[in-house]
Amino acid sequence: MANGYENQAPENLQGKYQAMVVCCILGIGSLVSWNSMLTIADYYYQVFPDYHPSRVLTLVYQPIALATIMIFAYHESKITTRKRILTGYILFTISTFLLIVLDLTTKGHGGIGHYIVLCAIVASFGLADATVKGGLVGDLSLMCPELIQSYIAGSGMAGALTSVLRLITKAAFENSNNRLRKGAMIFLAISTFIEFLCVMLYAYVFPKLPIVKYYRRKAAFEGSKTVVADLAAAGIQNQSDLSDDDSKNQRLSKKELLLQNIDHAVNLFLIYVLTLSIFPGFLYENTGQHGLGDWYALILVATYNFWDLVGRYAPLLNWLKVENRKALTIAVLSRYFLVPAFYFTAKYGDKGWMIMLVSILGITTGHLTVCIMTIAPKGYKGPEKNALGNLLVVFILGGALVGTSLGWLWLIGKKNAF
């Protein structure tokens, strides 16, 4: 059996490109609802002008996501990946639809009560995010690097897609009443549809692709129990692939995996500490007034999302893929020169310099994330890859939480900031 798996060439199996497309859509679905919230922040600033929506909602979202992924990472080997991921996408679908219901019920009016309900729905986004992201990263880590790269690129595409749609809807409704609200409702309706599409794709399409079945059978042979339900969904009822041989089932502990990949974990943490300390709160509240008026923050967010997407696809070109671990660490640490650069540009610089800095922030976030996530699982067995994928997501979400918290420091010294 082992020789049978080793002698096959996965890249020649049918369904690779279909799987990449599905992974990209699943990546979009893992962030489109949250990115829609960030992109329509100008609407929430209109409805809740005194509550710092982009900062507060992010700070609500991140702790829930981090706590959830920590629990899942600890118990990853005992949790059925299929049920976990489907539960996450269903929760995304319901929560996004509830945002529409909330707005229709309140007729677009603010108030502390409505804001608390909004925060509760955002908290459910955090729960869904950790459920989906950790599960999919662990699942796709079992497979070829192109699939996890497509998923991560899809999450970047969610931001680019929402930014483009936001600019279009803002222009379309510029002279109409309730223009921000109309654009927000369109966003949330599209996001709800995408989340429902992800439920259907993961439930009925993805598990039946030949390349996916190949990798999951291989993981099952290596001792993985998390893929059993997915194999059953693909019509593979024979569980002879699951090995009871102790020599096959031996795996590194989570502590051993973490120690071997501590540089990758810390680098991911540092990437998202920096990124989330600037995006989106700083871009909405600290960039000052320029000739672009209320378009300025939207253009900055769109710029970040576009270059983040470019960065996530860049490693497809081998000469742009960074695999040297020391080089990755140097690149991650070098990004922190952006902190004084953003500070002085916001205070003294022109909008052109700010757009350039946002572009650098976006492209380095996407590029470095993909490089680390695609090289980290190499050389491990299926169960170890799944565990490592979950552990790395813990550090991503941990960095996002710390970055979101540090983002409040930009308000120090501003009048009426708090």
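Start by selecting Tyr43, Tyr44, Val47, Phe48, Leu99, Leu102, Asp103, Thr106, Gly108, His109, His114 and Leu118, which line the second largest cavity. A cavity here is a set of points on a 1 Å grid over the protein atoms alone where a 1.4 Å probe fits but cannot get out, and lining residues have an atom within 4 Å of a point. This is a predicted model, where local features need pLDDT of at least 70 and side-chain atom pairs count only at pLDDT 80 or more, while totals for chains, interfaces and linings use all residues. Residues are numbered from 1 along each chain as its sequence is written, and side-chain values use heavy atoms, with hydrogens and water left out.

The second largest cavity holds about 90 Å³ of space. Colour α5 (81-106) next: with four residues, α5 gives the most to this lining. Helices are DSSP runs (H or I, at least four residues), numbered from the N terminus.

Now go to the largest cavity, with a volume of about 460 Å³. Pick Leu31, Lys133, Tyr272, Leu276 and Arg312, the closest to its centre of the 31 lining residues. Helices supplying at least two lining residues each include α2, α6 (112-140) and α15 (296-313).

Stay on α2 (residues 16-39) and click Ser36. Ser36 counts as buried because its relative accessibility is 1% (buried means under 20% relative accessible area, 1.4 Å probe, protein chains only). A polar atom of its side chain lies 2.8 Å from the backbone oxygen of Val32. Finally, show Thr162, Phe187 and Ser191, which Ser36 contacts beyond its neighbours within four places in sequence (contact: heavy atoms within 4.5 Å).

How values were computed
Buried < 20%, exposed > 50% of the residue type's maximum accessible area, 1.4 Å probe, protein only. Polar contact = N/O pair within 3.5 Å; in protein donor to acceptor, adjacent residues only side chain to side chain. 1 Å grid on protein atoms, 1.4 Å probe; cavity = no way out; pocket = protein on both sides within 12 Å on 5 of 7 lines; lining within 4 Å. Points joined across faces, edges and corners; volume = space filled by probe spheres on them.
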